[in-house]
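The sequence and structure are shown first, followed by the account.

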Amino acid sequence: MSDPDSDPDPDTAADGEATAHGDEESAVTLGAGWGDRRTVAKTALAFLVAVVLVYLLGAVVGWDRTVSRLRTAQLEWVAAACVSTLLCLVAWGKTWHVVLRAIGVTVPFRKLIVTFFAATFANYVTPMGQAGGEPFIAYVLARDTEATFEQSLASVVTADLVRLLPFFTAGGLGLGYLLFTAQLAGPIERFAVLLAALAVGLPAIAVVGWRFRERLRDLVVRALAPVARRTDRLSLESVRDRITRLYGSLEVIADSPRVVVTAIAFAYVGWVLFAIPLYFAGLALGTPVSALLVCFLVPASVIAGSTPLPGGLAAIEGTLVALLTALTALATADALAVVAIYRLASYWLVIVVGGIAALWVIRRV
């Protein structure tokens with residue numbers, strides 16, 4: 001005869017089973033939503049618009065002159081730019097790997113890096129980038145390991161925040177170089193001011209958000225209350241519980257200073273490898289671009305790429321061409337050729353390699 005005290009409470013067991021089922025169902029919905037027909041159609045339309053804009057940029061600059069310059073490119077520097085981009089993703093993947101170990105999630109790095117390439121592909125092809133890739137990578141990790149979705153998302157969010165640090169410091173270094181060596185025109189000055197504002201504003205927002213995280217959680221729950229009243233598919237208690245678990249995972253990471261320092265080190269290595277392809281692109285065409293100028297150009301282009309177009313396509317190309325011609329002695333055709341090589345290495349290569357990884361990951365899960 002079994003001891004009543006040792007038997008699980010039927011109501012508690014049922015609640016736990018329902019919660020687990022709800023979490024699994026939410027994750028499946030999220031993963032399926034990333035690849036549903038509506039999302040694919042929006043992505044395809046965004047790509048079409050971006051490609052047309054890139055073509056128009058080339059038409060204004062002159063495709064014939066640009067292609068002529070590209071034919072003179074030294075392939076060893078183009079290859080170096082491509083290798084640098086791939087190594088950058090490996091370093092940033094290691095940042096994520098370090099953060100995951102801090103919350104007790106063990107996954108082989110060779111497996112994790114494939115997932116990270118797939119997530120980067122999702123970021124690069126989805127309009128408004130991070131909104132598509134980060135939930136996808138958390139979903140995949142939760143399916144692949146014993147980690148909960150909240151643990152996975154916490155690791156992704158932390159790794160993203162860590163990678164922002166070198167973005168701001170390098171941008172500040174490049175901005176200082178420009179202020180001391182060049183007379184900034186109106187549009188470029190606005191970019192510089194925006195970069196400086198982000199360097200101060202985003203970390204401040206993150207600190208304030210963390211300091212008042214309980215109020216932020218309550219604000220999110222109140223904002224979702226009208227939706228929850230209209231559908232049974234959203235539970236406010238489930239939302240509150242998920243946010244609480246997310247905070248718990250973030251607190252574990254924050255209480256591991258050695259982990260944070262190691263992650264930051266890999267983030268800086270990754271950022272150097274992320275930016276240097278632009279320098280290599282200039283060398284490939286015999287038109288070197290100052291390394292300090294690259295420190296300004298790459299963050300500025302990332303800011304400009306925060307558009308509804310996938311991977312900042314067209315926006316980044318246009319911004320870099322404008323900045324290169326304004327801040328250097330390059331002709332517009334030369335600038336577009338440099339940018340074309342840079343984007344080949346930093347964007348299109350990732351689309352191809354990341355796309356292969358994404359197909360493998362989707363098949364795996």
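## Helix packing and burial

H13 and H14 are oblique to each other, a class left for angles that are not under 35 degrees (roughly parallel), over 145 (roughly antiparallel) or 65 to 115 (roughly perpendicular). The axes of H13 (residues 315–327) and H14 (residues 332–364) come within 9 Å and cross at roughly 135 degrees; axes are lines fitted to C-alpha atoms, for helices over the stretch in contact, and angles run from 0 to 180 degrees between N-to-C directions. The crossing of H13 and H14 is right-handed, meaning that the near helix is turned clockwise from the far one by less than a right angle.

On the H13 side, the contact (heavy atoms within 4.5 Å) is made by Ile316, Glu317, Leu320, Val321, Leu324 and Thr325. H14 contributes Thr332, Ala335, Leu336, Val338, Val339, Tyr342 and Arg343. By class, nine of the residues in this contact are nonpolar, two are polar and two are charged; Ala, Val, Leu, Ile, Met, Phe, Trp, Tyr, Cys and Pro count as nonpolar, Asp, Glu, Lys and Arg as charged, and the others, Gly among them, as polar.

The model is predicted: local features need pLDDT of at least 70 and side-chain atom pairs count only at pLDDT 80 or more, while totals for chains, interfaces and linings use all residues. Residues are numbered from 1 along each chain as its sequence is written, and side-chain values use heavy atoms, with hydrogens and water left out.

The protein chain has 14 helices and zero strands, taken as DSSP runs (helices H or I, at least four residues; strands E, at least two) numbered from the N terminus. Of the 365 residues, 45% are buried, that is, under 20% relative accessible area, with exposed over 50% and partly exposed in between (1.4 Å probe, protein chains only). Among contacts between residues at least 6 apart in sequence, 74% join residues at least 24 apart.

| Helix | Residues |
|---|---|
| H4 | residues 75–102 |
| H12 | residues 291–304 |
| H14 | residues 332–364 |

In H12, 11 of the 14 residues are buried, so this helix is largely enclosed by the rest of the structure. Among them are Leu293, Phe296, Pro299 and Ile303. H12 reaches 20 Å from its first C-alpha to its last, close to the 20 Å expected at 1.5 Å a residue, where the expected span is 1.5 Å times one less than the number of residues.

Leu86 lies in H4 and, at 29% relative accessibility, counts as partly exposed. Leu86 touches Phe117, Leu349 and Val353, not counting residues up to four places away in sequence. The C-alpha atoms of Leu86 and Leu273 are separated by 8.5 Å, although the two residues are 187 apart along the chain.
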